[in-house]
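Please keep the sequence and the structure in view while reading.

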Amino acid sequence: MQAWQVHENGEPSEVMRLHDVERPTPGDGQVLLKVRAANINFPDVLMCRGHYQVRPPLPFTPGVEICGETGDGRRVLANPALPYGGLAEYAVADAAALLPAPESLDDAEAAALHIGYQTGWFGLHRRARLEAGETLLVHAAAGGVGSAAVQLGKAAGATVIGVVGGADKAVVARELGCDVVIDRRSEDVVSAVKEATGGRGADVIYDPVGGEAYTQSTKVVAFEGRIVVVGFASGTIPSPGLNHALVKNYSILGLHWGLYNTKNPKLVQHCHEQLTELAARGVVKPLVSERAPLDGAAAAVQRVADGVTTGRVVVVPSPENGAAA
């Protein structure tokens, strides 16, 4: 089979190489899956660079999220067991953690309904307890993680403010359903949020960016607001001023979705059921901006690394798997 492998750490376009390799052999409790679609996530970029909290042994195949096919023909969502990731024709995954792929979504869309939407659901509902009528601010609203949070926020009845970088991304954010869109490249984010909220600020802030975005969040969070720390796509990890959180009476909430797989897997299953229902009703639908062939995976991962993509970029090993089954 063909699989992308990383033999040394660095930028994805420089260190990812496509090889002919043997199909991986499942271990105890694992299953071999034919990859129908593999969604690219920022952790794939970080693993290529050697900067992620999980460091698979070299060489490894990136790809932490797939829609796959079991030996008996079932479509499933899975997080491949590294080092045999999803940017390949076949991957292995823990059998107990497989989730049924929603029938309402094609393979590429289904692959993208997993990590980003689970993260959004846990962040907004489990951690921040977002309520209908509240204001939600989403940084990088046109990106893969942000776009999921925008849709889930709207589904929850919130007023959603999206922060993006560039006019093209602003168009995408509006199409996703943002009530207010702020282009950080041409507008002052803090002033724009205060104007949009009548000076009150945002009740919940969803931040997958870190760096300057987090600093802006602390300036526009409302009384008893909640900042959900999801990631650090900017490359800069903030150092929160806890005295500021005390004086302004807001909460800083960390979210590492992967922990729920080991600490409370039943909640992951419950979340998937909720997401499947929302997808069936058409309330949420992953924005797949690009479907790349397997031989284009390294370039696709690099585009995600460079921050020039919107929504999700999905690698589809077999073209016929790009549409609904």
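Thr309 counts as buried because its relative accessibility is 16%, where buried means under 20% relative accessible area, exposed over 50% and partly exposed in between, with a 1.4 Å probe and protein chains only. The model is predicted: local features need pLDDT of at least 70 and side-chain atom pairs count only at pLDDT 80 or more, while totals for chains, interfaces and linings use all residues. Residues are numbered from 1 along each chain as its sequence is written, and side-chain values use heavy atoms, without hydrogens and water.

Thr309 lies in the loop that joins helix 12 (297-306) to strand 15 (312-315); helices (H or I, at least four residues) and strands (E, at least two) are DSSP runs numbered from the N terminus. Apart from neighbours within four places in sequence, Thr309 is in contact with Lys169, Arg303 and Val304, contact meaning heavy atoms within 4.5 Å.

Lys169 belongs to helix 6 (residues 167-176), where Ala170, Val172, Ala173 and Leu176 are buried as well. These residues lie on the same side of helix 6 because they cover an arc of only 160° around the axis, taken from the directions from the helix axis to the C-beta atoms. The face turned away from this buried side carries the exposed Ala167, Asp168, Arg174 and Glu175. The buried residues of helix 6 pack against helix 5 (144-155), strand 9 (159-164) and strand 10 (180-183). Just after helix 6, Gly177 has a positive phi of about 120°.
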